Amino acid sequence: RFPILKDGLAASWKDELQEIDFSNIATDQIEVRPSKVAGISRLSNELAEDSSPAAADLVGSGLATQIAERIDVTWFGAAGVAPVPSGIESLGAGTPPCTKVVADPAALTNLDPFVEARFVAEQNRAKLTNWIINPDVAKAISKLKVQTGSNQSLLEIVTDGLRIAGLPVLISPHVPATVAFYGIDREQALFVLRKGTVVERSRDSAFSVDGVDVRAIARVGWCWVNPAGVIRGSK
């Protein structure tokens with residue numbers, strides 16, 4: 001449970017030794033229930049024992065990768081039905097919703113929407129720390145020039161990636177094609193790792209077929225404590 005502070009606190013100027021007025025804060029909370037994401041695969045004991053590199057290790061690594069992929073897909077998704085958590089796209093229809101800045105991902109000609117997003121976030125009690133954009137949008141922005149007819153790029157690709165309007169860029173293929181960017185305050189985007197990915201094997205469950213089952217499980221959840229501080233750049 002994450003506490004949320006609402007209005008109620010007050011401060012005022014006072015003379016020396018003048019009584020200070022009490023003010024009581026209104027509080028609320030957001031409850032995150034971590035959900036389980038899991039995968040399982042069955043191998044024959046012959047394959048598990050006679051392969052190099054060990055097939056069971058490869059399957060376990062593959063299942064862990066799929067769990068990470070499923071978490072990413074869902075985080076960027078729409079409203080989920082339990083046990084599927086709701087993703088960032090659900091904030092557009094939330095109460096309160098995220099804040100929208102007009103930015104056509106297919107027709108970005110300058111960085112003005114990113115600048116606007118930073119100031120809009122400040123108005124909504126957020127301080128953006130990162131942009132999250134689709135690889136296609138990142139490529140298009142990287143090709144922008146300082147002016148028509150110039151070969152000088154508007155952005156410089158540095159060792160740690162792109163920076164736009166002073167903020168580092170995270171690139172994910174799971175950002176919808178209709179979204180130019182998300183502006184995120186990482187202090188307000190909370191991720192709960194109740195149980196990190198655990199890979200286990202069992203020969204008992206596949207005893208009758210002389211096999212081995214490889215299973216991977218993680219339990220995670222997330223929330224945004226200030227949806228209005230999430231900035232969505234779209235048409």
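Modeller: Let's begin with a term: rings of Phe, Tyr and Trp (its six-membered ring) pair if their centres lie within 6.5 Å, and planes under 30 degrees apart count as stacked, over 60 as edge-to-face and the rest as tilted. Also, this is a predicted model, where local features need pLDDT of at least 70 and side-chain atom pairs count only at pLDDT 80 or more, while totals for chains, interfaces and linings use all residues. Residues are numbered from 1 along each chain as its sequence is written, and side-chain values use heavy atoms, with hydrogens and water left out.

Colleague: Okay, which residues do ring pairs link into a cluster?

Modeller: Trp75, Phe76, Tyr182 and Trp224.

Colleague: And how many aromatic pairs does a search of the whole structure find?

Modeller: Seven. Take Trp75 and Trp224: their ring centres are 5.4 Å apart and the planes sit at 55°, so that pair is tilted.

Colleague: Where are those two in the chain?

Modeller: In distant parts, 149 residues apart: Trp75 is in helix H2 and Trp224 in strand E10 (residues 211-224). Helices (H or I, at least four residues) and strands (E, at least two) are DSSP runs, numbered from the N terminus.

Colleague: Is Trp75 buried or exposed?

Modeller: Buried, at 15% relative accessibility. Trp224 counts as buried too, at 8%. The cut-offs are under 20% relative accessible area for buried, over 50% for exposed, and partly exposed in between (1.4 Å probe, protein chains only).

Colleague: Switching to the backbone, what kind of peptide bond runs from Ser52 to Pro53?

Modeller: A cis one, with omega near 0°. Pro53 is in the loop between helix H1 (45-50) and helix H2 (55-75). The bond from Thr95 to Pro96 is cis as well, again with omega near 0°.

Colleague: So where does Pro96 sit?

Modeller: Pro96 is in the loop between H2 and strand E4 (99-102).

Colleague: What about phi at Arg125?

Modeller: Positive, about 60°, although Arg125 is not a glycine. You'll find Arg125 in the loop between helix H3 (112-123) and strand E5 (130-133), and this residue is exposed, with a relative accessible area of 65%.

Colleague: And what is phi of Ala165?

Modeller: Near 50°, a positive value in another residue that isn't glycine. Ala165 lies in the loop between strand E6 (163-164) and strand E7 (167-171). With a relative accessible area of 27%, Ala165 is partly exposed.
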